[in-house]
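Have the viewer open as you read.

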Amino acid sequence: MFQHFFSMIRILMLFFVFTFETPLFLTMQHRDEETIQVLKKLYLVDVTEIQQKLFREREISQLNDSEGNSIRDMFTRYRNAMFMGLILASFQHLCGLDDVMYYSNTLFKKGLDPENRLPNMLTTMMGILNMFFTMFAVVTVGKFGRKKPLVVGTCLMFIDMLLIAIISFFDTPTNFTIKILIVLWPVAFAPSLGGITFLYLGELLPDIGMSIAVFVNWRAGFVVLQVFQSLLDLIDIHGVFFIFALFCGVGAYILERYLIESRGKTKNEWILEYCNSRAARMVRNSIKRGSKEESLLAGYELDEYVLK
């Protein structure tokens with residue numbers, strides 16, 4: 001009931017409040033006057049600088065996508081970015097999202113009387129925390145970027161899941177501490193993998209790459225939901241949450257080691273950092289050595305790599 005209520009609110013807002021296209025989409029379609037009108041609705045400050053950034057993004061996009069992108073391009077030219085996108089899309093579900101949120105009542109009812117209303121109250125608390133900390137993600141993204149909240153949130157989920165696994169192994173699932181840890185899980189998830197995943201994917205990938213990442217995201221959620229109940233019956237709650245903790249730990253390491261911060265960077269800088277070309281390596285090395293001539297030469301080669 002709680003989730004249905006807020007779903008209705010979102011639907012009504014889409015029909016009566018947010019009835020316009022995004023500024024980026026309008027800019028890409030060369031609907032510049034509409035872009036300015038939408039920007040003025042969304043921002044209380046002068047939108048001239050924002051509009052100039054959107055125009056620059058359109059120019060870069062037209063250069064990079066002059067011949068269009070194919071699925072093959074996603075796994076050749078953009079393969080590092082594509083693989084990171086797929087990992088991020090998968091880990092949003094492998095960290096336990098579907099099972100903790102959708103099976104919360106099942107987990108809370110373990111060892112309790114069927115008429116006990118505590119599971120419903122705890123599930124409601126989870127929904128409220130998830131909503132609040134998802135909105136809190138707006139603040140963290142603006143202040144700390146994308147990478148730091150993702151890494152910190154995934155580490156906190158790892159600790160939360162591991163504690164649940166350890167406590168449930170040495171005690172019964174009726175332990176109230178386990179229920180509290182499950183309720184607090186959205187505090188770590190919402191401002192990280194919950195609120196930032198699709199923001200980062202949208203910045204990182206071309207349209208076709210985004211479609212592939214969304215498909216993998218949905219398939220991962222489907223698989224996790226299908227196997228959860230069987231795993232719960234087979235290895236009990238401590239085994240299931242240990243698996244989730246393992247995925248969170250591996251995810252935190254990969255995000256810290258390989259994820260590239262996107263805040264304040266242009267698409268060209270992203271291509272430079274994620275692509276596999278010889279020119280990209282030359283630019284990195286020349287920057288370290290301080291060689292402007294070599295960097296300029298490598299920059300031309302990188303342009304040819306991106307456009308070919």
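## Ground rules

Buried means under 20% relative accessible area, exposed means over 50%, and partly exposed lies in between, with a 1.4 Å probe and protein chains only. The model is predicted, so local features need pLDDT of at least 70 and side-chain atom pairs count only at pLDDT 80 or more, while totals for chains, interfaces and linings use all residues. Residues are numbered from 1 along each chain as its sequence is written, and side-chain values use heavy atoms, leaving out hydrogens and water.

## Aromatic pairs

Rings of Phe, Tyr and Trp (its six-membered ring) pair if their centres lie within 6.5 Å; planes under 30 degrees apart are stacked, over 60 edge-to-face, and the rest tilted. This rule gives eight aromatic pairs. In one of them, Phe 91 and Phe 247 have ring centres 6.4 Å apart and planes at 70 degrees, so the pair is edge-to-face. It joins distant parts of the chain, as Phe 91 in helix H6 (residues 79–94) and Phe 247 in helix H12 (residues 207–258) are 156 residues apart. Helices here are DSSP runs (H or I, at least four residues), numbered from the N terminus. Phe 91 counts as buried because its relative accessibility is 13%, whereas Phe 247, at 31%, counts as partly exposed.

Tyr 103 and Phe 228 form a tilted pair, because their ring centres are 4.7 Å apart and their planes meet at 45 degrees. Here too distant parts of the chain are linked: Tyr 103 sits in the loop between helix H7 (97–102) and helix H8 (104–109), Phe 228 is in helix H12, and 125 residues separate them. Phe 228 is buried, at 1% relative accessibility. Elsewhere, ring pairs link Phe 132, Phe 133 and Phe 136 into a cluster.

## A buried histidine

Is His 93 buried or exposed? With a relative accessible area of 8%, His 93 is buried. This residue belongs to helix H6. Beyond its neighbours within four places in sequence, His 93 is in contact (heavy atoms within 4.5 Å) with Asp 98, Asn 217, Ala 220, Gly 221 and Val 224.

## Helix H11

Helix H11 (residues 176–204) has 29 residues and should span 42 Å at 1.5 Å a residue; its end C-alpha atoms lie 41 Å apart, which agrees. The expected span is 1.5 Å times one less than the number of residues. At the N-terminal end, Asn 175 caps H11, with a side-chain oxygen 2.8 Å from the backbone nitrogen of Thr 177.

Terms used:
Helix = DSSP H or I, 4+ residues; strand = E, 2+ residues; numbered from the N terminus. Polar contact = N/O pair within 3.5 Å; in protein donor to acceptor, adjacent residues only side chain to side chain.
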